[in-house]
Amino acid sequence: MTDTIPALSRRRVLVGAAAASAAATVAGASAAHAAPPTARPAQPLVTRDRVAGARLTGGPVRVAADFADRLDDWLAFWSANSPRRWSSPVEVDAEVGSAGAAFTLRAIRVVRDDEQVEAFTAGRVDAAHLATLASLYHHFPLVGVVAGGGLRVTDGLAGFTGATEQVAFAVAACSELWGVRTANAGAWRDQVGGRRADAWAAFTRASLRRGLRTEAY
(Lines give C-alpha, C1' and ligand atoms only; values in the text may rest on other atoms or scores of the structure.)
Protein backbone atom coordinates (compact mmCIF):
# COMPACT_ATOMS: atom_id res chain seq x y z
CA MET A 1 0.00 0.00 0.00
CA THR A 2 1.31 3.44 -0.93
CA ASP A 3 1.58 6.28 1.57
CA THR A 4 1.56 9.00 -1.11
CA ILE A 5 -0.72 11.83 0.00
CA PRO A 6 -2.97 13.19 -2.80
CA ALA A 7 -3.44 16.88 -3.45
CA LEU A 8 -6.79 18.46 -2.65
CA SER A 9 -8.78 21.47 -3.75
CA ARG A 10 -7.34 24.61 -2.15
CA ARG A 11 -10.72 26.29 -2.56
CA ARG A 12 -12.58 23.58 -0.66
CA VAL A 13 -10.05 23.05 2.10
CA LEU A 14 -8.65 26.50 2.91
CA VAL A 15 -11.07 29.07 1.52
CA GLY A 16 -14.04 27.30 3.08
CA ALA A 17 -12.27 26.94 6.41
CA ALA A 18 -11.26 30.60 6.42
CA ALA A 19 -14.84 31.68 5.75
CA ALA A 20 -16.07 29.45 8.54
CA SER A 21 -13.47 30.88 10.90
CA ALA A 22 -14.61 34.41 10.11
CA ALA A 23 -18.23 33.49 10.76
CA ALA A 24 -17.33 31.82 14.03
CA THR A 25 -15.34 34.88 15.11
CA VAL A 26 -18.40 37.08 14.61
CA ALA A 27 -20.58 34.59 16.49
CA GLY A 28 -18.06 34.36 19.29
CA ALA A 29 -17.90 38.15 19.62
CA SER A 30 -21.69 38.32 19.88
CA ALA A 31 -21.74 35.64 22.55
CA ALA A 32 -19.04 37.42 24.51
CA HIS A 33 -21.07 40.64 24.42
CA ALA A 34 -24.18 38.85 25.66
CA ALA A 35 -22.59 37.19 28.70
CA PRO A 36 -19.34 37.82 30.58
CA PRO A 37 -16.73 35.08 30.03
CA THR A 38 -15.83 32.74 32.85
CA ALA A 39 -12.21 33.28 33.83
CA ARG A 40 -10.09 30.14 33.72
CA PRO A 41 -7.70 29.62 36.63
CA ALA A 42 -4.10 30.34 35.70
CA GLN A 43 -2.12 27.21 34.87
CA PRO A 44 1.50 26.66 35.94
CA LEU A 45 3.99 27.03 33.08
CA VAL A 46 6.63 24.45 32.24
CA THR A 47 9.60 24.71 29.88
CA ARG A 48 9.52 22.31 26.94
CA ASP A 49 11.79 21.90 23.93
CA ARG A 50 9.90 18.88 22.59
CA VAL A 51 6.40 17.62 21.86
CA ALA A 52 6.03 13.86 22.36
CA GLY A 53 9.77 13.47 21.74
CA ALA A 54 9.86 15.64 18.60
CA ARG A 55 12.18 18.64 18.77
CA LEU A 56 10.59 22.09 18.62
CA THR A 57 12.54 23.88 15.91
CA GLY A 58 12.28 27.26 17.61
CA GLY A 59 13.89 26.05 20.83
CA PRO A 60 12.48 25.84 24.37
CA VAL A 61 9.12 27.45 25.09
CA ARG A 62 7.04 28.12 28.19
CA VAL A 63 3.67 26.40 28.01
CA ALA A 64 0.85 25.64 30.43
CA ALA A 65 1.46 22.24 32.03
CA ASP A 66 -1.88 20.64 31.16
CA PHE A 67 -1.70 22.06 27.62
CA ALA A 68 1.78 20.58 27.18
CA ASP A 69 0.48 17.16 28.22
CA ARG A 70 -2.41 17.40 25.77
CA LEU A 71 -0.02 18.38 22.96
CA ASP A 72 2.10 15.32 23.78
CA ASP A 73 -1.00 13.12 23.61
CA TRP A 74 -2.03 14.67 20.30
CA LEU A 75 1.29 14.15 18.51
CA ALA A 76 1.66 10.59 19.87
CA PHE A 77 -1.83 9.89 18.50
CA TRP A 78 -0.96 11.39 15.10
CA SER A 79 2.20 9.30 14.98
CA ALA A 80 0.45 6.05 16.01
CA ASN A 81 -1.92 6.45 13.06
CA SER A 82 0.70 7.43 10.47
CA PRO A 83 2.26 5.11 7.83
CA ARG A 84 4.60 2.44 9.16
CA ARG A 85 7.36 3.64 6.83
CA TRP A 86 7.46 6.92 8.75
CA SER A 87 9.45 7.31 11.93
CA SER A 88 7.96 8.98 14.94
CA PRO A 89 7.98 12.76 14.39
CA VAL A 90 11.50 14.16 14.77
CA GLU A 91 10.74 17.88 14.43
CA VAL A 92 7.75 20.12 14.95
CA ASP A 93 7.73 23.64 13.53
CA ALA A 94 5.30 25.59 15.69
CA GLU A 95 4.74 28.84 17.56
CA VAL A 96 3.63 29.02 21.18
CA GLY A 97 1.80 32.11 22.45
CA SER A 98 3.50 34.29 25.04
CA ALA A 99 1.06 33.15 27.73
CA GLY A 100 1.78 29.49 26.98
CA ALA A 101 -1.84 28.77 26.11
CA ALA A 102 -1.87 28.76 22.27
CA PHE A 103 -0.04 26.54 19.78
CA THR A 104 0.20 27.19 16.02
CA LEU A 105 1.43 24.23 13.98
CA ARG A 106 3.41 24.86 10.78
CA ALA A 107 5.06 21.52 10.01
CA ILE A 108 5.66 17.97 11.23
CA ARG A 109 8.83 16.26 10.03
CA VAL A 110 9.50 12.52 10.05
CA VAL A 111 12.14 10.20 8.61
CA ARG A 112 11.10 8.07 5.64
CA ASP A 113 13.56 5.80 3.83
CA ASP A 114 16.46 7.43 5.72
CA GLU A 115 15.42 10.90 4.56
CA GLN A 116 13.79 13.63 6.64
CA VAL A 117 10.54 14.75 5.02
CA GLU A 118 7.67 17.07 5.88
CA ALA A 119 4.71 14.81 6.58
CA PHE A 120 2.56 17.87 7.20
CA THR A 121 3.31 21.42 6.16
CA ALA A 122 0.97 24.36 6.45
CA GLY A 123 1.53 25.62 2.93
CA ARG A 124 0.73 22.33 1.18
CA VAL A 125 -2.92 21.54 0.55
CA ASP A 126 -3.23 17.75 0.53
CA ALA A 127 -5.01 14.99 2.41
CA ALA A 128 -2.38 15.17 5.17
CA HIS A 129 -3.58 18.71 5.91
CA LEU A 130 -7.14 17.54 6.59
CA ALA A 131 -5.82 14.45 8.39
CA THR A 132 -3.74 16.59 10.74
CA LEU A 133 -6.71 18.89 11.26
CA ALA A 134 -8.72 15.79 12.23
CA SER A 135 -6.03 14.70 14.70
CA LEU A 136 -6.12 18.11 16.39
CA TYR A 137 -9.91 18.01 16.58
CA HIS A 138 -9.57 14.62 18.28
CA HIS A 139 -7.81 16.37 21.19
CA PHE A 140 -8.91 20.02 21.14
CA PRO A 141 -12.33 21.69 20.87
CA LEU A 142 -11.50 24.28 18.21
CA VAL A 143 -8.84 24.51 15.50
CA GLY A 144 -8.26 27.79 13.70
CA VAL A 145 -6.74 27.97 10.21
CA VAL A 146 -4.38 30.95 10.20
CA ALA A 147 -2.50 32.79 7.45
CA GLY A 148 -0.47 30.40 5.32
CA GLY A 149 -2.51 27.37 6.43
CA GLY A 150 -1.10 27.01 9.95
CA LEU A 151 -3.33 25.26 12.47
CA ARG A 152 -3.88 26.99 15.82
CA VAL A 153 -5.27 25.41 19.00
CA THR A 154 -5.77 26.43 22.60
CA ASP A 155 -6.31 24.08 25.53
CA GLY A 156 -9.72 22.59 26.26
CA LEU A 157 -11.69 19.35 26.28
CA ALA A 158 -12.29 17.82 22.86
CA GLY A 159 -15.77 17.00 21.65
CA PHE A 160 -18.42 17.99 19.15
CA THR A 161 -19.84 21.44 19.90
CA GLY A 162 -21.43 22.37 16.57
CA ALA A 163 -19.06 25.32 16.15
CA THR A 164 -18.90 26.70 12.62
CA GLU A 165 -15.25 25.64 12.19
CA GLN A 166 -16.00 22.10 13.35
CA VAL A 167 -18.86 21.69 10.91
CA ALA A 168 -16.79 23.17 8.06
CA PHE A 169 -14.03 20.67 8.82
CA ALA A 170 -16.51 17.76 8.96
CA VAL A 171 -18.04 18.68 5.60
CA ALA A 172 -14.59 19.06 4.00
CA ALA A 173 -13.46 15.72 5.46
CA CYS A 174 -16.57 13.95 4.14
CA SER A 175 -16.09 15.47 0.70
CA GLU A 176 -12.31 15.24 0.30
CA LEU A 177 -11.37 12.20 2.42
CA TRP A 178 -14.51 10.07 2.23
CA GLY A 179 -15.59 10.99 -1.31
CA VAL A 180 -19.07 12.11 -0.27
CA ARG A 181 -19.49 15.15 -2.51
CA THR A 182 -23.08 15.71 -1.36
CA ALA A 183 -22.08 16.30 2.29
CA ASN A 184 -23.28 19.61 3.71
CA ALA A 185 -23.61 21.37 7.04
CA GLY A 186 -27.02 19.83 7.69
CA ALA A 187 -26.36 16.22 6.73
CA TRP A 188 -22.66 15.41 7.14
CA ARG A 189 -23.28 13.20 10.21
CA ASP A 190 -25.32 10.80 8.10
CA GLN A 191 -22.72 10.50 5.36
CA VAL A 192 -19.92 8.51 6.97
CA GLY A 193 -21.07 5.16 8.30
CA GLY A 194 -24.09 6.68 10.04
CA ARG A 195 -21.86 8.41 12.60
CA ARG A 196 -23.63 10.79 14.95
CA ALA A 197 -22.28 13.90 16.66
CA ASP A 198 -21.65 11.86 19.84
CA ALA A 199 -19.16 9.75 17.84
CA TRP A 200 -16.93 12.74 17.09
CA ALA A 201 -13.82 10.95 18.41
CA ALA A 202 -14.42 8.00 16.09
CA PHE A 203 -15.00 10.29 13.12
CA THR A 204 -11.84 12.35 13.69
CA ARG A 205 -9.69 9.25 14.22
CA ALA A 206 -11.06 7.59 11.08
CA SER A 207 -10.53 10.79 9.08
CA LEU A 208 -6.92 10.98 10.28
CA ARG A 209 -6.25 7.42 9.15
CA ARG A 210 -8.03 7.94 5.85
CA GLY A 211 -6.10 11.11 5.13
CA LEU A 212 -2.75 9.43 5.88
CA ARG A 213 -3.87 6.26 4.04
CA THR A 214 -3.47 3.98 7.04
CA GLU A 215 -7.09 2.85 7.38
CA ALA A 216 -6.15 -0.67 6.22
CA TYR A 217 -4.02 -1.38 9.30
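This is a predicted model: local features need pLDDT of at least 70, side-chain atom pairs count only at pLDDT 80 or more; totals for chains, interfaces and linings use all residues.

**Stop 1: the aromatic rings**

The structure holds 12 aromatic pairs. Here, rings of Phe, Tyr and Trp (its six-membered ring) pair if their centres lie within 6.5 Å; planes under 30 degrees apart count as stacked, over 60 as edge-to-face and the rest as tilted. Select tryptophan 78 and tryptophan 86: their ring centres are 5.9 Å apart and their planes meet at 25°, so this pair is stacked.

Next, select tryptophan 188 and tryptophan 200, an edge-to-face pair with 5.9 Å from centre to centre and 75° between the planes. This pair links distant parts of the chain, 12 residues apart: tryptophan 188 sits in the loop between α4 (164-176) and α5 (200-211), and tryptophan 200 in helix α5.

Residues are numbered from 1 along each chain as its sequence is written, and side-chain values use heavy atoms, with hydrogens and water left out.

**Stop 2: buried or exposed?**

Buried means under 20% relative accessible area, exposed over 50%, and partly exposed in between (1.4 Å probe, protein chains only). Tryptophan 78 has 0% relative accessibility, so it counts as buried. Tryptophan 86 is buried at 8%, tryptophan 188 at 3% and tryptophan 200 at 4%.

**Stop 3: threonine 132**

Now select threonine 132 in helix α3 (residues 127-139); helices (H or I, at least four residues) and strands (E, at least two) are DSSP runs, numbered from the N terminus. Threonine 132 is buried because its relative accessibility is 0%.

Which side chain does threonine 132 join through a polar contact? Show tryptophan 78 alongside: the polar contact between the two side chains is 3.2 Å. (A polar contact is a pair of N or O atoms within 3.5 Å; within protein, one must be able to donate a hydrogen and the other to accept it, and residues adjacent in sequence count only if both atoms are side-chain atoms.)

**Stop 4: the core**

Finally, select Trp74, Trp78, Phe103 and Phe169, the residues with the most contacts inside the largest nonpolar core, which has 50 residues. Helix α3 gives the largest share of this core, 8 residues. A nonpolar core is a set of buried Ala, Val, Leu, Ile, Met, Phe, Trp, Tyr and Cys residues joined through side-chain atoms within 4.5 Å.
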